[in-house]
Amino acid sequence: MIEVKGLNKYFGKNHILKDITESIDKDEKVVIVGPSGSGKSTFLRCLNLLEKPTSGDIKFFGESIIEKKININIVRQKLGMVFQQFNLFNNMTVMDNITLAPIQLKLKTKEQAEKKGIELLKRIGLDMHKDKYPSTLSGGQKQRIAIIRSLAMNPDMILFDEPTSALDPEMVLEVLELMKEVSNQGIGMVVVTHEMDFARDVATRILFMDDGRIVEQNSPKEFFKNPQNERLKTFLNKVI
Amino acid sequence: MEFIEYIKTGFHSTFIVDDRYKLFLEGLGNTVYIAIFATIIGVIIGSISAIVGFYVKTTGRLKPIGWIINIYVIVIRGTPLLIQLLITYFIIFSSSDNAVMIAIIAFGLNSGAYVCEVIRAGILSVDKGQGEAGASLGLNLYQIMRFIQLPQAIKNILPALGNEFINIVKETSVAGYIAIVDLTKAGDIVRSQTFDPYFSLLSVAGIYLIIVSGLSFALKKWEKRLSISDRS
Ligand SMILES: Nc1ncnc2c1ncn2[C@@H]1O[C@H](COP(=O)(O)OP(=O)(O)OP(=O)(O)O)[C@@H](O)[C@H]1O
Ligand SMILES: [Mg+2]
């Protein structure tokens, strides 16, 4: 689980995240929505320290990840991330993409890692592509491989930053389907997305961010039916 | 006819008389020798400074070493090569008279700063998302550099290193200032003996041109092969 307390983030003089306090349970599926520039990505990237918070505390399963003495790499092994631009390693085959971290971090032998890799690739029907390079794959295939690359680490939670925003429309569905599947296997998810149907179907809770704050949150049903905040009402009118 | 006659006598006095071709060969040998070893030193120094510099920048650790690297690059790039060579010879190694070795060190140190920049730029040319994806899986900086960033940067770095070698071949022409008979100095010596600046100096220029063009051509072909095998 993730506990955020008094999180502030500045880029130079710009106050991007404003005193955010929030807590996300280990098997929750939290969807974050909000207008562009409201700080969704920055918030997500603070959670695994790709961005360094200016102040405040973040705990992952009770342990502060801000403290100097903590090894953030250990935390990241259990807290995956999926990016808008997929970020598959261009210089490696699909299989090497999946097995690099488990092997290098000595979590698995090469044989174990590849066995798991094949298993995961079969699950998404891409096992015949295991020796291909990312540049030869479609966006939807790349993103699904990025998701199983993250699953290969057996993470407790995964952060998704607009995983379908860079995809051609016809490929969005296959990625959302896989994410739904992942949501059913007890892995906590924090998903920034504009896919409102996904939020409605999968989320246990939806957060609305505006101008660096989480200004409203609710169960999907109430979130869409009974929005309170004026900005949220405007936002929902625009996206639905 | 007169012109052909001139070429004949010019060639004869410049290369044949007193076995002067041997002087040219010695000079060419020194030029190539210095260029090769200076490049090797430059690549080693440049790689280490670039990678350490990158480590300092991303972790904020070992900052003083980062400053030293920056100062090194600024000083080397901000002063003429010839003055660096003279300082190395007359001040730093004033007690040694192994001029070729000193030239290799001076040219190597000079090249290191440029190589450092080349490698820095090569690493920066790799999309930031690649390293972030590695980090998000729990890989450490060394693993990210070794398995993800450097293999992708190398395609930009290698051709630039080839160019660096070509540059060094030309730049070694100032080695004569510290009593080394390199190709340029050989031509200059012959000029003073034959009193024919045309034949001696133009021959030297021609030899440089052939070497540099040959290397550039080989480099182009190689770059093409690299880009064909580029899968990204
Ligand atoms: N590395 C950075 N340096 C400076 N400013 C940044 C940086 N990253 C983000 N910002 C700024 O922080 C603000 C919030 O950006 P962020 O990417 O978190 O928004 P977002 O809600 O994810 O938007 P979007 O929906 O467009 O992805 C923006 O004004 C952005 O310009
Ligand atoms: Mg964003």
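Student: Which pattern does chain B follow, read along the sequence?
Tutor: This is a predicted model. Chain B has nine helices and zero strands. Read along the sequence, its pattern is therefore α-α-α-α-α-α-α-α-α.

Student: Is chain B spread out or compact by the globule rule?
Tutor: The C-alpha atoms of chain B fill a box of roughly 75 × 45 × 25 Å along the principal axes. For 232 residues the globule rule gives 17 Å, and the radius of gyration of chain B, 22 Å, is well over that. Chain B is therefore more spread out than a compact globule.

Student: What percentage of the residues in chain B is buried?
Tutor: A residue is buried if 20 or more other C-beta atoms lie within 10 Å of its own. Of the 232 residues in chain B, the buried part is 34%.

Student: What share of the contacts in chain B with a separation of 6 or more comes from residues 24 or more positions apart?
Tutor: The count takes in contacts in chain B with a separation of 6 or more. Within that set, residues 24 or more positions apart account for 73%.

Student: At what angle do helix H1 and helix H2 of chain B pack?
Tutor: Two packed helices are described by the angle between their axes and the distance between the axes. H1(B) covers residues 2–16 and H2(B) covers residues 20–59, and their axes are 5 Å apart. B:Thr14, B:Phe15 and B:Ile16 of H1(B) meet B:Arg20, B:Tyr21 and B:Phe24 of H2(B), a contact with four nonpolar, one polar and one charged residues. The angle is about 65°.

Student: Is B:Ile144 buried or exposed?
Tutor: B:Ile144 is found in helix H7 of chain B. Leaving out residues up to four places away in sequence, it touches B:Gly131, B:Gly134, B:Ala135, B:Leu139 and B:Gln149. B:Gly131 is 13 residues away in sequence, with 6.1 Å between the C-alpha atoms. Because 21 other C-beta atoms lie within 10 Å, B:Ile144 is buried.

Student: How does B:Ser125 count, with its C-beta neighbours inside 10 Å?
Tutor: B:Ser125 lies in the loop between helix H5 (99–124) and H6 of chain B. Apart from neighbours within four places in sequence, B:Ser125 is in contact with B:Ala153 and B:Asn156. Because it has 13 C-beta neighbours inside 10 Å, B:Ser125 counts as partly exposed.

Student: How far apart in space are B:Ser125 and B:Asp196?
Tutor: In sequence the two are 71 residues apart. From C-alpha to C-alpha, the distance between B:Ser125 and B:Asp196 is 50 Å.

Student: Which element gives the most to the side of chain B that touches chain A?
Tutor: The contact takes 17 residues from chain B and 21 residues from chain A. On the chain B side, the elements giving two or more residues are helix H6 (128–136) and helix H7 (141–171). That side divides into seven nonpolar, eight polar and two charged residues. With six residues, the element that gives the most is H6(B).

Student: What do the buried residues of H3(A) pack against?
Tutor: Helix H3 of chain A covers residues 94–104, and its buried residues include A:Val94, A:Asn97 and A:Leu100. After H3(A) comes A:Lys106, with a positive phi near 60°. The buried residues of H3(A) pack against helix H4 (110–123) and helix H5 (139–151) of chain A, together with H7 of chain B.

Student: In what order do four strands of chain A form an open sheet?
Tutor: The pairing in this sheet is antiparallel, and five bridges join S1 (residues 2–11) to S4 (residues 55–60) of chain A. The edge strands, each pairing on one side only, are S2 (14–24) and S5 (63–64) of chain A. Helix H1 (residues 40–47) of chain A lies across S1, S2 and S4, at about 60° to S2(A). The order is S2-S1-S4-S5.

Student: Which element gives the most to the shell around ligand 1?
Tutor: The residues around ligand 1 include A:Phe11, A:Gly37, A:Lys40 and A:Thr42. By class, the shell has two nonpolar, seven polar and one charged residues. With three residues, the element that gives the most is H1(A).

Student: Which residue takes a positive phi in the hairpin of S9(A) and S10(A)?
Tutor: Strands S9 (residues 205–210) and S10 (residues 213–218) of chain A run antiparallel and are joined by five bridges. A:Phe208 has A:Glu216 in S10(A) as its bridge partner. Two residues lie between the strands, and the residue with a positive phi, near 50°, is A:Asp211.

Notes. Residues are numbered from 1 along each chain as its sequence is written. Chains are lettered from A and ligands numbered from 1 in the order in which they are written. This is a predicted model: local features need pLDDT of at least 70, side-chain atom pairs count only at pLDDT 80 or more; totals for chains, interfaces and linings use all residues. Two strands pair if DSSP finds at least two bridges between them. Two residues are in contact if their C-beta atoms, placed from the backbone, lie within 7 Å. Axes are lines fitted to C-alpha atoms, for helices over the stretch in contact, and angles run from 0 to 180 degrees between N-to-C directions. Ala, Val, Leu, Ile, Met, Phe, Trp, Tyr, Cys and Pro count as nonpolar, Asp, Glu, Lys and Arg as charged, and the others, Gly among them, as polar. A residue is buried if 20 or more other C-beta atoms lie within 10 Å of its own, exposed if 12 or fewer, and partly exposed in between; C-beta atoms are placed from the backbone. A residue is near a molecule or strand if its C-beta atom, placed from the backbone, lies within 6 Å of it. The radius of gyration is taken over C-alpha atoms; the globule rule is 2.2 Å times the number of residues to the power 0.38.
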